[in-house]
Amino acid sequence: MALLRKINQVLLFLLIVTLCVILYKKVHKGTVPKNDADDESETPEELEEEIPVVICAAAGRMGATMAAINSIYSNTDANILFYVVGLRNTLTRIRKWIEHSKLREINFKIVEFNPMVLKGKIRPDSSRPELLQPQFAEMKVATASALGGLYLGERPIRQRWLQPQASVIHQHEKVIYLDDDVIVQGDIQELYDTTLALGHAAAFSDDCDLPSAQDINRLVGLQNTYMGYLDYRKKAIKDLGISPSTCSFNPGVIVANMTEWKHQRITKQLEKWMQKNVEENLYSSSLGGGVATSPMLIVFHGKYSTINPLWHIRHLGWNPDARYSEHFLQEAKLLHWNGRHKPWDFPSVHNDLWESWFVPDPAGIFKLNHHS
């Protein structure tokens, strides 16, 4: 009997020691900085880097946003955090679309964009009537034109269902911005790993980077130089000293260094040129993207890194009669239907590639239109 009592006491002691060890490890893990902790105690999930992807969701184009998100999420094992930006009257619909579809497992935050921050900074463009529609103009021209955007890196912005007046992406060193009319066929980790040169706040795709892109440019009559975006008859543009034949870039895909973005006060610089355009009409109207792209071409001239060309195959929406080869499209990492002819509408090209990622609208509002 005494022996049994001793055995029980020993077992009880061992149990207490074990519990103490477990509790100590938990407390120690919570107080010791992560880089000082024992590597063996850290799980792969804790070591996994979070990749922030910013994308806007305008009311009439919300199906595009969901397709883009689906393509990104389905083609990577990386830990993606989606920042989905919308106007106040769209936020509930965005959440319902995500939570009542196959996207319910994604990690996301919904951000409310206040269009009042753009007052006096956008000049109505009569040559592009769709840009006069408030929801599209505010979401695309403003939010997208400057890092998805212009007001996510430095300004307080309301996050519905999150802490109010919190800076959205200040905690991230690096951020990806994507236009809504894209499909990602590669692993977004590869795009995120794009190397930015020292002192560069962003990386873009040059409009002169691919022979195939050049062929498409000639076919549909696109210009790929600064002349297509800036009005060189204006003194403010001439005084920049930028050759009109300089190759332009496309801000539909951006990899940004947020530390440099804030340090260089990029947002302030962009605002300056947006306001000057309202006052002096500095931008060319020959290209549809001029309103969104022009201030970035000025601010980032000679000060940006480049993205792998296959990570931004564009102009798919420029002309419904211009097509890339199927082999080339299969090699592409990201497809961009910039231009008027969107893959969810008619007429359009290569819409089968886009439709394979389409996520039906639970509310039945957004519908595909592939017939005349």
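Colleague: What kind of model is it, and how are residues numbered?

Modeller: It is a predicted model, in which local features need pLDDT of at least 70 and side-chain atom pairs count only at pLDDT 80 or more, while totals for chains, interfaces and linings use all residues. Residues are numbered from 1 along each chain as its sequence is written, and side-chain values use heavy atoms, with hydrogens and water left out.

Colleague: How many helices and strands are there?

Modeller: The protein has 13 helices and nine strands. These are DSSP runs numbered from the N terminus: helices are H or I with at least four residues, strands are E with at least two.

Colleague: And what share of the residues is buried?

Modeller: Of the 372 residues, 50% count as buried. Buried means under 20% relative accessible area, exposed over 50%, and partly exposed in between, with a 1.4 Å probe and protein chains only. The protein exposes about 18,100 Å², of which carbon and sulfur atoms supply 54%.

Colleague: What about contacts between residues 24 or more positions apart?

Modeller: They account for 74% of the contacts with a separation of 6 or more; a contact means heavy atoms within 4.5 Å.

Colleague: Turning to charges, how many salt bridges does the structure hold?

Modeller: It holds 13, each being a side-chain nitrogen of Lys or Arg within 4 Å of a carboxyl oxygen of Asp or Glu. One of them joins the side chains of R88 and E112, at 3.0 Å from N to O. That pair links distant parts of the chain, 24 residues apart: R88 is in the loop between β2 (79-86) and α4 (91-99), and E112 is in strand β3 (residues 107-112).

Colleague: Is E112 buried or exposed?

Modeller: E112 counts as buried because its relative accessibility is 6%.

Colleague: Which residue does R93 pair with?

Modeller: R93 forms a salt bridge with D361, again at 3.0 Å from N to O. The two are 268 residues apart, with D361 in the segment after α13 (351-355) and R93 in helix α4. D361 is buried at a relative accessible area of 10%, and R93 is buried at 19%.

Colleague: Where do K276 and E280 lie?

Modeller: Both are in helix α10 (residues 266-280), four residues apart, about one turn of the helix. K276 is partly exposed at 21% relative accessibility, and E280 is partly exposed at 34%. Elsewhere, salt bridges that share partners join R61, D180, D181 and K342 into one network.

Colleague: Finally, which residues have the most contacts inside the largest nonpolar core?

Modeller: They are M66, F82, I94, I176, L178 and L191, in a core of 53 residues. A nonpolar core is a set of buried Ala, Val, Leu, Ile, Met, Phe, Trp, Tyr and Cys residues joined through side-chain atoms within 4.5 Å. Helix α3 (residues 62-74) supplies the largest share of this core, seven residues.

Colleague: What does F82 touch?

Modeller: Leaving aside neighbours within four places in sequence, F82 is in contact with residues including V53, I69, I72, Y73 and F108. A second, separate core of 36 residues includes V85, V175, M296 and F300.

Notes. Accessible areas come from the Shrake-Rupley method with a 1.4 Å probe; for residues, only the protein chains shown count as cover.
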